[in-house]
Amino acid sequence: MKKLPDRLERQIEYCPTSGCWLWIAASARGYGRVDVNGKLSQAHRVVYEILRGPIPDGLQLDHLCRVRCCVNPDHLEPVTLAENVRRGIYLTTICKRGHKWTPENTYIVPQTGARQCRTCRLKRGARNSAAYFRRNQAACNERNRERQRIRLSDPDARARHNTLQREARREKKA
Ligand SMILES: [Zn+2]
Ligand SMILES: [Zn+2]
């Protein structure tokens, strides 16, 4: 197997979990950059060509791992520009479980600004409640019976119960 020159080797941090070779030196738009004979080139292309040979004319290297600064040739596949664009769009228009990122299906986490798929959130929420109910079945049943009793008893208790519920809901929203 061909080896990278030390000069390049030193710029790489190997990620043990993903297998990515992270280019820790200069980068532009997330892609590693390297000086080759006084000319700045894309690090992943340079590393690929040293270890695998020339990239066929007109082809781009697609990051299969989606980590732009990764230079591991095993994570790179030469593809046409059209294919690269198609893959990029495909990845950004659906969530990782295949739901479309439409405005209606997109939830922005208020604290972090992160994007979440609403369909996945709902499914996760339903799964979590079902699991919670299973774990605490006795307590849940008891609470439900208690609620039932309150609903059926005198109007005062019912009013108090309703007020509490409203407050709880308001707290949850806040
Ligand atoms: Zn990678
Ligand atoms: Zn989803």
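Author: Pro155 counts as exposed, because it has 7 C-beta neighbours inside 10 Å. The cut-offs are these: a residue is buried if 20 or more other C-beta atoms lie within 10 Å of its own, exposed if 12 or fewer, and partly exposed in between, with C-beta atoms placed from the backbone. This is a predicted model, in which local features need pLDDT of at least 70, side-chain atom pairs count only at pLDDT 80 or more, and totals for chains, interfaces and linings use all residues. Residues are numbered from 1 along each chain as its sequence is written, while chains are lettered from A and ligands numbered from 1 in the order in which they are written.

Pro155 belongs to helix 6 (residues 155–173). Helices (H or I, at least four residues) and strands (E, at least two) are DSSP runs, numbered from the N terminus. From Pro155 to Glu77 is 78 residues in sequence and 70 Å in space, C-alpha to C-alpha.

Step back to the whole chain. The protein chain has 6 helices and 9 strands. Its radius of gyration is 27 Å, well over the 16 Å that the globule rule gives for 174 residues, so the protein chain is more spread out than a compact globule. That radius is taken over C-alpha atoms, and the rule is 2.2 Å times the number of residues to the power 0.38. The C-alpha trace spans about 85 × 30 × 25 Å along its principal axes. Of the 174 residues, 11% count as buried.

The expected span is 1.5 Å times one less than the number of residues. Helix 5 (residues 137–152) reaches 22 Å with its 16 residues, close to the expected 22 Å. Helix 5 is hardly covered too: its count of buried residues is 0.

Three strands form an open sheet in the order 3-4-5, with antiparallel pairing. Strand 3 (27–28) and strand 5 (39–42) stand at the edges with a single partner strand each, so one side of each has no neighbour in the sheet. Two strands pair if DSSP finds at least two bridges between them. Strand 3 meets strand 4 (residues 31–36) over 2 bridges. There, Ala28 stands opposite Tyr31. Between strand 4 and strand 5 there are 4 bridges. Arg33 stands opposite Gln42 in strand 5. The hairpin of these two has 2 residues between the strands, and Asn37 takes a positive phi near 50 degrees.

What covers the sheet? Helix 2 (residues 43–52) packs on it, touching strand 4 and strand 5. The direction of helix 2 makes about 65 degrees with that of strand 4. Such angles run from 0 to 180 degrees between N-to-C directions, and axes are lines fitted to C-alpha atoms, for helices over the stretch in contact. Contact means C-beta atoms, placed from the backbone, within 7 Å.

The largest nonpolar core has 13 residues. Such a core is a set of buried Ala, Val, Leu, Ile, Met, Phe, Trp, Tyr and Cys residues joined through C-beta atoms within 7 Å. Trp21, Trp23, Ala43, Cys70 and Val71 have the most contacts inside it. Helix 2 gives the largest share of this core, 3 residues. Beyond its neighbours within four places in sequence, Trp23 touches Gln11, Ile12, Gly32, Ala43, Cys69 and Val71.

Notes
Contact = placed C-beta atoms within 7 Å.
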